[in-house]
Protein chains: 2
Amino acid sequence: MSRTPPHPTREQIELPMVLDCLSDPIRLAIVYQLAQQQGVSSELCCGDFNALGGKSNLAYHFAKLRESGLMQTRVAGTNRFMRLRREDLDARFPGLLDAVVKSAAKDADRLQLLSECEAPAAG
Amino acid sequence: MSRTPPHPTREQIELPMVLDCLSDPIRLAIVYQLAQQQGVSSELCCGDFNALGGKSNLAYHFAKLRESGLMQTRVAGTNRFMRLRREDLDARFPGLLDAVVKSAAKDADRLQLLSECEAPAAG
DNA sequence: CCCCATGTTCAATGTTTATTGAACTATCAA
DNA sequence: TTGATAGTTCAATAAACATTGAACATGGGG
């Protein structure tokens with residue numbers, strides 16, 4: 001369990017699998033949340049997504065996102081840190097991830113993308 | 001049966017439904033083929049997709065594409081003419097359709113996008 | 001060491017999905 | 001009318017999917 005799980009190489013990333021991943025509301029929310037993180041730490045751990053569902057259900061979606069090549073998982077102690085594979089995605093499917101994330105942002109309330117503002121922030 | 005089937009309005013088009021539609025290889029091929037047609041006649045009829053599957057299976061996929069808002073069906077005699085709802089899609093999700101079609105084009109052989117050049121393949 | 005927190009894996013569930021063929025509807029042409 | 005053409009709808013089936021909870025593995029801190 002401490003080993004890094006398998007990831008597809010850049011060239012192995014398949015368009016239908018990526019689109020299928022992004023078509024699920026929970027997975028789209030995960031990707032969206034990771035995209036918001038770009039430039040900040042660029043990484044989030046599983047627990048940061050707990051608002052989106054139960055642990056085992058999330059693990060299921062994480063696996064799909066990993067297998068599709070959308071995100072990468074790094075194991076550190078008892079935590080798994082995930083980041084978007086933006087470089088690989090952009091190289092493979094230019095403009096796609098950007099268009100999806102922007103489209104999701106436009107519909108942020110229609111979709112239930114609770115990006116970083118799930119707790120009522122003071123100040 | 002002669003009535004035009006129902007289509008969602010532009011605002012009713014939902015991102016997850018669109019992505020889900022595009023994640024199916026047959027539907028992606030249909031959309032790709034329609035996209036190639038942009039600027040030509042911009043319309044194709046059901047029979048033009050016969051290489052992609054059986055009639056009833058295609059009708060099923062056509063319905064999904066229509067319900068998702070990706071394409072529009074126009075009834076003319078015994079024919080149904082379809083076209084991409086590119087304006088609506090571009091207004092709703094800027095850059096998305098373009099990125100998907102270009103990504104599909106890049107993988108045209110990996111995916112089985114027999115755009116306009118398909119010979120009757122021997123089993 | 002033992003316990004707890006973090007996450008994964010497994011088995012079971014009910015739902016959705018893609019696919020097939022047969023039956024059906026509608027239009028056109030002779 | 002009859003028949004051919006173009007597509008849809010229906011019923012059935014098998015596969016895939018999302019979701020749940022329980023069991024499991026791993027690492028950190030007392």
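Because the model is predicted, local features need pLDDT of at least 70 and side-chain atom pairs count only at pLDDT 80 or more, while totals for chains, interfaces and linings use all residues. Residues are numbered from 1 along each chain as its sequence is written, chains are lettered from A and ligands numbered from 1 in the order in which they are written, and side-chain values use heavy atoms, leaving out hydrogens and water.

Two packed helices are described by the angle between their axes and the distance between the axes. Helix α2 (residues 25-37) of chain B meets helix α5 (residues 96-106) of chain B at an angle of about 100°, and their axes are 10 Å apart. Helices (H or I, at least four residues) and strands (E, at least two) are DSSP runs, numbered from the N terminus; axes are lines fitted to C-alpha atoms, for helices over the stretch in contact, with angles from 0 to 180 degrees between N-to-C directions. The two helices α2(B) and α5(B) are therefore roughly perpendicular to each other, a label for angles of 65 to 115 degrees, with under 35 roughly parallel, over 145 roughly antiparallel and the rest oblique. On the α2(B) side, the contact (heavy atoms within 4.5 Å) is made by B:Leu28, B:Val31, B:Tyr32 and B:Ala35, and on the α5(B) side by B:Leu97, B:Val100, B:Val101, B:Ala104 and B:Ala105.

Helix α5 of chain B also holds B:Ser103. At 0% relative accessibility, B:Ser103 counts as buried; buried means under 20% relative accessible area, exposed over 50% and partly exposed in between (1.4 Å probe, protein chains only). Neighbours within four places in sequence aside, B:Ser103 is in contact with A:Leu15, A:Phe93 and A:Leu96.

In chain A, the 14 residues of helix α3 (residues 55-68) should span 20 Å at 1.5 Å a residue, and the end C-alpha atoms are 20 Å apart, which agrees; the expected span is 1.5 Å times one less than the number of residues. The buried residues of α3(A) are A:Leu58, A:His61, A:Phe62, A:Ala63, A:Leu65, A:Arg66 and A:Ser68. These buried residues pack against α1 (15-22), α2 (25-37), β2 (71-76) and β3 (79-84) of chain A. Just after α3(A), A:Gly69 takes a positive phi of about 95°.

Positive phi values also turn up at serines. Most residues other than glycine have a negative phi. Even so, phi of A:Ser42 is near 70°, and B:Ser42 has a positive phi of about 65°. A:Ser42 lies in the loop between α2 and β1 (44-45) of chain A and is partly exposed at 23% relative accessibility. B:Ser42 is found in the loop between α2 and β1 of chain B and is partly exposed at 24%.

As for cysteines, the structure holds 0 disulfides over all chains, a disulfide being a pair of cysteine sulfur atoms within 2.5 Å. For B:Cys21, the nearest cysteine sulfur, that of B:Cys46, is 15 Å away; B:Cys21 is buried, with a relative accessible area of 3%. For B:Cys45, the nearest cysteine sulfur, also that of B:Cys46, is 6.4 Å away, and B:Cys45 is buried at 16%.

Finally, B:Thr73 lies in strand β2 (residues 71-76) of chain B and is buried, with a relative accessible area of 7%.
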